[in-house]
Amino acid sequence: VGMQLLSEGDLKGARHALRLALAFDPEHPTIFSNLAVVSSLLGKESESVELCRYALELYDDHPQANFLFARLLAKSGDAKEAAEHLRRILSDTRPLWNAPHLVHDAKRMLKYAKHPRVLQAYAVKQIAQEKLAFIED
């Protein structure tokens with residue numbers, strides 16, 4: 001339900017539904033990762049970082065949590081740690097059938113990791129573009 005509401009542009013409804021889902025399954029990393037996405041889109045980036053951390057404590061190879069966490073780290077200027085999380089995505093040999101774009105985006109971001117300010121600017125741009133997409137809908 002939370003992701004359906006997100007796809008419809010109802011960020012607050014998605015956040016509420018995902019929090020309810022945690023009551024039923026408080027150890028599910030994907031719920032935390034999805035909640036982190038919604039929190040980021042709502043501009044609650046410190047909350048998003050904490051949710052990513054918790055998702056990664058539950059499952060350290062979670063692709064979506066690693067990608068979002070890497071992007072938030074890059075935005076804050078921590079290119080080294082961001083690169084570590086991007087490498088986790090790329091070293092995962094399981095097919096990412098539900099998120100093939102993560103591999104593409106992780107490769108692109110990792111290319112920029114050699115230039116921390118470029119990576120930071122790229123992350124800021126990506127996050128802003130996602131927020132704008134929800135505002136425009």
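## Close-up views of a predicted helical model

View 1. Val37 sits in helix α3 (helices are DSSP runs of H or I with at least four residues, numbered from the N terminus). This is a predicted model, so local features need pLDDT of at least 70 and side-chain atom pairs count only at pLDDT 80 or more, while totals for chains, interfaces and linings use all residues. Residues are numbered from 1 along each chain as its sequence is written, and side-chain values use heavy atoms, with hydrogens and water left out. Is Val37 buried or exposed? Val37 is buried, at a relative accessible area of 17% (buried means under 20%, exposed over 50%, partly exposed in between, with a 1.4 Å probe and protein chains only). Skip its neighbours within four places in sequence, and Val37 is in contact with Leu6, Gln64 and Leu68 (contact means heavy atoms within 4.5 Å). Leu6 is 31 residues away from Val37 along the chain, yet their C-alpha atoms are separated by 9.5 Å.

**View 2. Ala36, also in helix α3.** Ala36 counts as buried, because its relative accessibility is 0%. Which residues does Ala36 contact, leaving aside neighbours within four places in sequence? They are Ser48, Leu51, Cys52 and Leu68.

**View 3. Helix α3 against helix α4.** Here α3 (residues 29–41) and α4 (residues 45–58) bring their axes within 8 Å and cross at roughly 165 degrees (axes are lines fitted to C-alpha atoms, for helices over the stretch in contact, and angles run from 0 to 180 degrees between N-to-C directions). That makes the two helices, α3 and α4, roughly antiparallel (angles over 145 degrees count as roughly antiparallel, under 35 as roughly parallel, 65 to 115 as roughly perpendicular and the rest as oblique). The α3 and α4 crossing is left-handed, a label used when the near helix is turned anticlockwise from the far one by less than a right angle. On the α3 side, Phe32, Leu35 and Ala36 are among the residues taking part, and they meet a set in α4 including Leu51, Cys52 and Tyr54. Sorted by class, this contact of α3 with α4 has nine nonpolar, four polar and two charged residues (Ala, Val, Leu, Ile, Met, Phe, Trp, Tyr, Cys and Pro are nonpolar, Asp, Glu, Lys and Arg charged, and the others, Gly among them, polar).

**View 4. Helix α7 with two partners.** Take α6 (residues 79–91) to begin with: its axis and that of α7 come within 9 Å and cross at roughly 140 degrees. The α6 and α7 contact divides into nine nonpolar, no polar and two charged residues. Next up is α5 (residues 63–75), whose axis lies 11 Å from that of α7, at an angle of about 30 degrees. So α5 is roughly parallel to α7. Phe67 and Ala70 are among the α5 residues that meet a group in α7 including Ala106 and Met109.

**View 5. A pair of tyrosine rings.** The structure holds two aromatic pairs, and one of them is Tyr112 with Tyr122. Their ring centres are 4.9 Å apart and their planes stand at 55 degrees, so the pair is tilted (rings of Phe, Tyr and Trp, with its six-membered ring, pair if their centres lie within 6.5 Å; planes under 30 degrees apart are stacked, over 60 edge-to-face and the rest tilted). Tyr112 lies in α7 (residues 100–112) and Tyr122 in α8 (residues 116–136), so the pair ties together parts 10 residues apart in sequence. Tyr112 is partly exposed at 23% relative accessible area, whereas Tyr122 is buried at 14%.
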